[in-house]
Amino acid sequence: MTSFRKLAVLALSPTLLFVMSCGRHSNSEVYYLIAANINLPYWKTAIAGFNAAAARYKVTARVAGPDTYDAQAELQELNRVVAAKPAGILISVADEALLKPGIDAAIDAGIPVLTLDSDAPSSRRLFFIGTNNLAAGHLGGQRIVEKTGGRGNVVFFSMPGQPNLDERLQGFKDIFATHPDLKIMDVVNIKGDARNAFDNTQQYLTQTGVTRVAAFVCLEASSGKVVADAVRRQKVTDRTVVAWDVEQDTLAEIKDGTIEATIAQKPFTMAFVGLKELDEIFHNKPKSLTKDYSVDAFSEYPYFIDTGTALVDKANVDVYSKSAAEHQQ
C-alpha cells in the first residue's frame with residue numbers, strides 16, 4: 001500500500017506542479033479600476049498600466065467610471081461594482097466625503113480596496129498608491145518663486161474638493177507663505193472642463209496694474225495646453241505657466257517655451273502596482289479588512305506607496321518626450 005501511494009504521488013506530481021504554478025490566477029478573478037473623467041489621456045495611461053498588470057498575472061481587468069468629472073456618477077459606479085463582488089477595487093477619489101461610504105461598504109463586503117492618484121484617508125481603504133501631492137506642490141511652488149522673483153499674483157486652475165488637487169494647492173501655499181509678496185489671486189474651479197481654464201486665462205490676461213497676473217498654475221492635466229493656447233493667442237511672453245503631467249501636448253508647449261514647466265506623475269505605475277498589490281491581498285487576505293493597519297507597526301501593508309514626482313522643463317523635456325512616444329507605439 002505504501003509503494004502504491006508513492007507511485008500515485010509521483011504520477012500526479014506533474015499535474016500538481018502545474019496547478020501550483022498556474023492555478024493561483026484565473027480570468028475569473030476580476031479587478032476594477034474606478035475613476036471620474038476616464039476619457040482623459042491621463043486615465044488612458046493609467047488604464048494601460050492596469051491592463052499590463054492584468055496580462056502579466058492572467059486575471060481580468062475592468063474599468064468603470066463616468067466620462068466626465070462627476071463624483072456622484074463615480075459613486076453609482078462604485079456601488080454597482082461592489083454588488084458584482086470583484087476580487088479587488090482600485091479607485092481614484094473625486095470627492096472623499098461622497099465616496100467614503102461606498103469604499104467602506106466594499107471593505108465590509110470583504111472586497112479589498114486601494115486608492116490611487118486621489119486618496120480617501122478617512123475611509124477604510126487599505127492604503128494609497130500615487131504621488132506625494134504636498135511635496136509636488138512644494139516643487140511647483142519653488143519654480144514659481146524662481147520665475148517671479150517671489151512677487152506677483154498667481155491664478156490656479158483646479159477642482160476644489162478633490163483630495164489630491166487640494167493637497168497640491170496646499171503645497172504651493174506652504175512655499176508662498178515665506179514670500180509675502182506672492183499672492184493667490186484666484187483658484188478657478190474648472191469643473192472638469194478645460195474650456196473654463198481657457199476662458200478665465202483670457203480674462204486675466206487683460207488685467208494690468210495691481211491685478212496683473214504673473215503666473216498661472218494648472219493643478220490637473222487637462223488645462224495646461226489650453227492655458228498655454230490662451231497665452232499664445234494674446235502674444236504674451238512675460239507670464240509663467242506651470243502645468244501638470246506629461247501629455248505630449250504639454251511637453252510640446254514646454255519645448256515651445258509657452259509652458260515653463262510641468263510636474264510629472266506616473267499614472268501607468270500607479271495602476272500597475274495597484275493591481276499587483278490587490279492580487280497579493282486577494283490571495284493572502286488578512287484576518288480582517290476593517291482593521292486600521294496604519295497604526296499597526298507590524299502590518300504587512302504600507303500606508304502610502306509613493307510612485308514618484310519630477311519637475312520637467314526644457315532641460316529634461318526630451319527625455320520625457322522620448323519615453324511617452326515609446327509607450328504610444
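Predicted model: local features only at pLDDT ≥ 70, side-chain atom pairs only at ≥ 80, totals over all residues.
Me: Nice. Which strands form the edges of the open sheet?
Reply: The sheet has six strands with mixed pairing, in the order E7-E6-E8-E9-E10-E12. Neighbouring strands are turned by 20° against each other on average, direction ignored. An edge strand pairs on one side only, and that describes strand E7 (182–189) and strand E12 (310–312).

Me: At what angle does H5 run to E9?
Reply: Helix H5 spans residues 133–148. H5 lies across E6, E7, E8, E9, E10 and E12. Relative to E9 (240–244), its direction is about 165°.

Me: And why do H5 and H6 count as oblique to each other?
Reply: The axes of H5 and H6 (residues 163–176) come within 7 Å and cross at roughly 45°. The crossing is right-handed. Angles under 35 degrees would count as roughly parallel and 65 to 115 as roughly perpendicular, so the pair is oblique.

Me: Last one, friend: how do the residues of the contact of H5 with H6 divide?
Reply: On the H5 side, the contact includes Leu134, Gly137, His138 and Ile144. Those in H6 include Glu167, Arg168, Phe172 and Asp174. The contact's residues divide into six nonpolar, nine polar and three charged.

Notes. Residues numbered from 1 in each chain as written. Heavy atoms only, no water. Axes fitted to C-alpha atoms, helices over the stretch in contact; angles between N-to-C directions. Helix = DSSP H or I, 4+ residues; strand = E, 2+ residues; numbered from the N terminus. Parallel < 35°, antiparallel > 145°, perpendicular 65-115°, else oblique. Left-handed = near helix turned anticlockwise from the far one by under 90°. Contact = heavy atoms within 4.5 Å. Nonpolar A, V, L, I, M, F, W, Y, C, P; charged D, E, K, R; others polar. Pairing = 2+ DSSP bridges.
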